[in-house]
Amino acid sequence: MSEIKDEIILRELKENNLKSIDLNIPKEKISVFTGLSGSGKSSVVFDTLATESRRQMTLNYPLYVRNQMPRYERPHAGLMQNLSPVVVVEQRPVGGNSRSTIGTYMDINPLIRLLFSRIGNPPIDAATDFSSQSSFGRCPKCTGYGRVIAPDVNKLIDFDKSLRDYAVQFKPLSPSGWQGRWMITGGLFDPDKRIKDYPEEKFHLLIYGPPEGERVFAPFHTKNGPQPHEWDGLLPRFTRLYINRDVSKLKQISQEDVLTFSTHALCPTCQGSGLNPKVLECRISGLNIAEYNQLELTELLEQLTRIKEPPGESIARQAIPHVNQLVDMGLGYLSLSRKMNTLSGGEAQRVKIARHLGSSLNNMTYIFDEPSAGLHPEEVGMLIQMLQRIKAHHNTVIVIEHDLSIIKVADEIIEMGPGAGVDGGEVVYQGKLSGLKNSKAATTLNNKLEINKNPRDIESYFTIERASNHNLKNISVSIPKNALVTVCGVSGSGKSSLMLEAFPEKYPNTIQVGQGSIGISTRSTMATYMGIMDDIRSIFAKETGQPAGLFSFNSLGACPICKGKGITTPDVAFADPVTISCEACNGTRYSDEARSYQYQGKNIVDILELTINETINYFTKHKIIRGVNTLQDVGLGYLTLGQTTSSLSGGEVQRLKLANHLQTEGEIYLLDEPSLGLHAKDNGKLLDVFQNLVNRGNSVIIIEHNLDFIASSDWVIELGPGGGKKGGTIIFEGTPEEMLNKETLTAKWLWKGVSE
């Protein structure tokens with residue numbers, strides 16, 4: 001009797017660009033999906049497999065529970081069998097507010113608070129009292145924020161303007177709000193005189209209020225006539241109404257708005273911990289809870305393993321595995337107090353992975369979206385061990401990945417392609433590593449590096465002196481101008497601190513392209529994101545004599561039935577949601593009237609269906625041509641003008657963001673890991689873009705681990721030698737060829753890439 005294979009069976013997959021493909025994915029194995037950016041990897045793994053697994057999981061709950069849970073539409077596919085529950089680790093930035101730390105994200109903080117409440121001295125019995133969000137635990141000075149906020153008069157007021165001309169920049173205190181109108185009509189201040197021209201006495205009254213002990217009133221006009229209202233000064237008023245108050249309940253203003261017009265300094269009372277000084281008196285082994293949370297994780301492990309007294313030992317034993325998971329992922333240099341929103345992309349990715357490693361569940365499907373993103377080649381080995389550890393617990397591991405080191409350890413390789421977008425959506429290769437060499441796959445295993453042996457001549461430099469941001473050890477560095485420069489080093493070595501903080505502080509005109517999201521939505525298209533849709537609408541309006549809004553599906557031109565969505569979602573009560581293409585507009589989003597007008601034989605829908613490559617034949621306006629050329633430069637010419645940004649892959653989003661920034665004329669371009677989400681074949685196109693920018697007289701600086709980019713650079717700067725306290729120094733500066741003769745970690749992998 002033949003052995004029955006345990007496989008995930010997928011048939012007739014048609015999500016996005018998938019061309020009715022069939023797949024069998026082995027269980028309890030590591031399967032890697034690879035292929036060009038936009039070839040259909042995410043459509044199989046996320047939009048089909050993960051979505052259907054989640055949908056089927058929710059069907060196990062009673063209806064009243066399902067109504068409170070996320071609801072998933074059945075993917076466009078024929079058969080989907082033998083699925084198991086999924087754990088998905090995506091590239092998406094970690095959510096959470098500005099107070100979210102590694103300790104809160106990993107659920108370690110509650111255990112540390114409990115530990116202090118049980119064995120700390122002098123004792124504080126309630127664990128919640130060790131939180132900056134409790135009424136007892138929070139610092140009375142900064143109310144748990146850790147920083148003292150004060151109004152910044154130079155941000156709040158433009159001294160070259162008058163009150164009537166919006167000298168007060170903060171909206172609620174400007175003429176658009178009642179307080180601003182009161183300043184203009186109250187008679188205390190000349191509304192048409194520039195603030196800098198006020199006599200000293202009036203200037204002081206406006207900014208700081210009356211002298212101590214005095215009170216000043218001005219009439220405030222209401223429907224019942226003028227009423228006297230006390231004037232206390234702009235800065236005291238801003239502090240009273242917006243800093244010393246919970247603004248979350250206000251409709252017109254947010255905490256971020258207030259912080260924009262404020263200065264922040266470390267709270268002198270709690271030294272930034274956000275905790276009550278009484279709480280900070282409680283210590284374990286001489287350390288208070290704030291100091292505990294600031295320890296590097298390797299140091300924290302040592303402290304926890306020393307605890308032998310009951311009941312502290314049992315609590316420490318619960319915390320140790322969580323901390324170990326982070327250390328095993330190479331994050332031992334971080335601390336529990338490190339804010340999640342300050343982590344690099346690679347660090348955040350590994351924290352997310354570590355969060356899932358503590359589970360003892362098996363027969364699960366773990367899905368990872370490019371887990372090597374942000375990792376130095378030296379750190380990929382740890383990641384491979386982690387994947388193999390998950391597999392060893394009888395789990396299925398599915399990875400979307402471009403890194404050859406991970407592809408080489410896969411039990412099964414599935415390459416999507418052959419191209420991207422409409423040219424993709426097919427299975428180009430499925431099988432073992434050995435068969436990949438003789439296939440038509442774009443992924444090649446012999447990616448021998450070509451070192452740049454003719455770097456550009458360096459004539460001048462950007463200089464940073466005595467930088468000490470975060471773990472930087474008072475370093476000075478010269479960065480060549482008019483060259484392609486790569487800054488590299490292991491995670492936590494100080495690359496972001498040097499280039500994303502110290503460098504822009506000195507050179508504020510730098511055009512930065514970071515790893516942040518682009519705010520994708522179904523209403524945003526390639527044309528709108530690139531800023532050329534307004535020009536296209538204007539051309540239609542000029543040609544037809546109609547208002548420009550008629551050619552927007554977010555305005556006058558929207559289909560009256562689907563309101564410009566192109567789809568309808570009928571109410572199906574408790575059943576799975578169903579999305580139907582709008583019958584009135586055939587999914588085009590536009591009304592009949594909008595579609596009746598044409599430009600050069602095409603209506604607005606036809607124009608939006610043009611690929612980027614085709615668009616150049618229809619328009620001559622400089623701004624449109626520039627935007628289109630930039631998209632072609634980054635290899636997105638196969639996408640259409642009307643393609644929604646929500647339907648793009650991670651690599652496509654990365655290149656779209658890059659194209660948008662490249663439209664901006666500048667002299668210094670600073671890019672944080674531009675290779676994120678890109679196949680090796682896509683990297684060449686991106687390198688060509690960077691080289692062209694430098695050839696036009698610009699300076700391009702990239703923070704990058706990818707060896708192709710390092711090898712092609714004119715100059716390389718490596719930080720290290722380790723992460724956290726072990727990093728923060730410059731360990732190499734020079735050309736890629738010079739690097740081959742050094743003994744740094746990056747040099748080791750560069751040499752290995754050249755030798756293969």
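Let's start with the rings: there are 21 aromatic pairs here, where a pair means ring centres of Phe, Tyr or Trp (its six-membered ring) within 6.5 Å, with planes under 30 degrees apart stacked, over 60 edge-to-face and the rest tilted. This is a predicted model, with local features needing pLDDT of at least 70, side-chain atom pairs pLDDT 80 or more, and totals for chains, interfaces and linings using all residues. Residues are numbered from 1 along each chain as its sequence is written, and side-chain values use heavy atoms, with hydrogens and water left out.

Take Phe116 and Tyr292. They pair edge-to-face, 5.1 Å centre to centre, with 90° between the planes. Phe116 is in helix 4 (residues 109-119) and Tyr292 in helix 11 (residues 289-294), so the pair ties together parts 176 residues apart in sequence. Helices here are DSSP runs of H or I, at least four residues, and strands are E runs of at least two, numbered from the N terminus. Both Phe116 and Tyr292 are buried, meaning under 20% relative accessible area with a 1.4 Å probe, protein chains only.

Next, Tyr599 and Phe619. Their centres are 5.7 Å apart and their planes at 15°, so this pair is stacked. Tyr599 sits in strand 22 (residues 598-599), and Phe619 in the loop between helix 23 (612-615) and helix 24 (622-633). Tyr599 is buried at 11% relative accessibility; Phe619 is buried at 2%.

Now charges over rings: CZ of Arg or NZ of Lys within 6 Å of the ring centre and within 35 degrees of the ring normal. Arg355 has its charged end over Tyr105, 4.2 Å from the ring centre. Arg589 lies over the face of Phe553, at 4.4 Å.

Technical notes. Buried means under 20% relative accessible area, exposed over 50%, partly exposed in between (1.4 Å probe, protein chains only).
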